[in-house]
Amino acid sequence: MPASDPAPPKKAGCRQMKTIRVSFERDPEAEGIDVTVRAAERDGEVEAVMARAAGREPVMLSVTDDDGAQRMLAAADILLVSVNGKRVDVVTEHGRYTSRQSLQSMEKVLDPAQFLRVSRFELVNLPKVVRYDFTLVGTLRLELAGGMETWASRRCIPEIRRRLNGGGVQE
């Protein structure tokens, strides 16, 4: 049995692509084409595969990392986008990046079914909200994947509540 090649060393902060296996299953009863994607978790890579299978290209954003290197980031990997002074930060579970786009222009590019403005300075990826709760003073705390949290402005609360109810998020 031949020895297998060792996996290439993983760079700090970089994720390796998942292995994608494609198979065909014949179903004479099928009236169309059904595609099922199975993975340990639904992340940006899974979203990209699903978008391509559905005939859509996934939204990719150009961002800059801490070292000044340009990267392409899948919108599905984003937890939140926030304005920090004159800089726009794009936060994922794996790091924080900056973007040259304004928050308003990013809001136009990102899927409105997935992203929601929660304050004057932040957009949140709704599928990444794992829990939300109201405080005694009427503010809304949103807990995102990876343990990150943010706060919503009062004027946005009715729309946030409407969008999160029915989304399977714990209140």
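Student: Leaving aside its neighbours within four places in sequence, with which residues is I160 in contact?

Tutor: Contact means that heavy atoms lie within 4.5 Å. By that criterion, and with neighbours up to four places away in sequence left out, I160 meets L116, V118, L140, L142 and A152. This is a predicted model, in which local features need pLDDT of at least 70 and side-chain atom pairs count only at pLDDT 80 or more, while totals for chains, interfaces and linings use all residues. Residues are numbered from 1 along each chain as its sequence is written, and side-chain values use heavy atoms, with hydrogens and water left out.

Student: Which residues have the most contacts inside the largest nonpolar core?

Tutor: In soluble globular proteins, nonpolar side chains tend to be buried together. A nonpolar core is a set of buried Ala, Val, Leu, Ile, Met, Phe, Trp, Tyr and Cys residues joined through side-chain atoms within 4.5 Å; buried means under 20% relative accessible area, exposed over 50%, and partly exposed in between, with a 1.4 Å probe and protein chains only. The largest core here comprises 18 residues, and V124, V129, L140, L142, I160 and L164 make the most contacts within it. At least two of its residues come from each of strand 3 (78-84), strand 6 (115-119), strand 8 (129-134), strand 9 (140-144) and helix 3 (157-164).

Student: How many helices and strands does the chain have?

Tutor: Helices (H or I, at least four residues) and strands (E, at least two) are DSSP runs, numbered from the N terminus. The chain has three helices and ten strands, in the order α-β-β-β-β-β-α-β-β-β-β-β-α from the N terminus on. Of its 171 residues, 33% are buried.

Student: Is L144 buried or exposed?

Tutor: L144, in strand 9, counts as buried because its relative accessibility is 0%. Beyond four places in sequence, L144 is in contact with L79, L80, V124, K128, V129 and V130. By contrast, I20, in the segment before helix 1 (44-53), counts as exposed because its relative accessibility is 51%.

Student: What does N125 touch, again leaving aside neighbours within four places in sequence?

Tutor: N125 belongs to strand 7 (residues 122-125) and is buried, at 0% relative accessible area. Its contacts are A75, A76, I78, L79, Q114 and F115.

Student: Which backbone nitrogen lies 3.0 Å from a polar atom of the T92 side chain?

Tutor: The backbone nitrogen of H94 does. T92 sits in strand 4 (residues 87-92) and is buried, with a relative accessible area of 7%. With residues up to four places away not counted, T92 touches L73, D77, I78, L79 and Y97.

Student: Which residues lie nearest the centre of the largest pocket?

Tutor: On a 1 Å grid over the protein atoms alone, a pocket is an open set of points where a 1.4 Å probe fits, with protein on both sides within 12 Å along at least five of seven lines; lining residues have an atom within 4 Å of a point. The largest pocket is lined by 24 residues, with R21, S23, V35, T36 and V37 nearest its centre. Twelve nonpolar, four polar and eight charged residues form this lining, where Ala, Val, Leu, Ile, Met, Phe, Trp, Tyr, Cys and Pro count as nonpolar, Asp, Glu, Lys and Arg as charged, and the others, Gly among them, as polar.

Technical notes: Polar contact = N/O pair within 3.5 Å; in protein donor to acceptor, adjacent residues only side chain to side chain.
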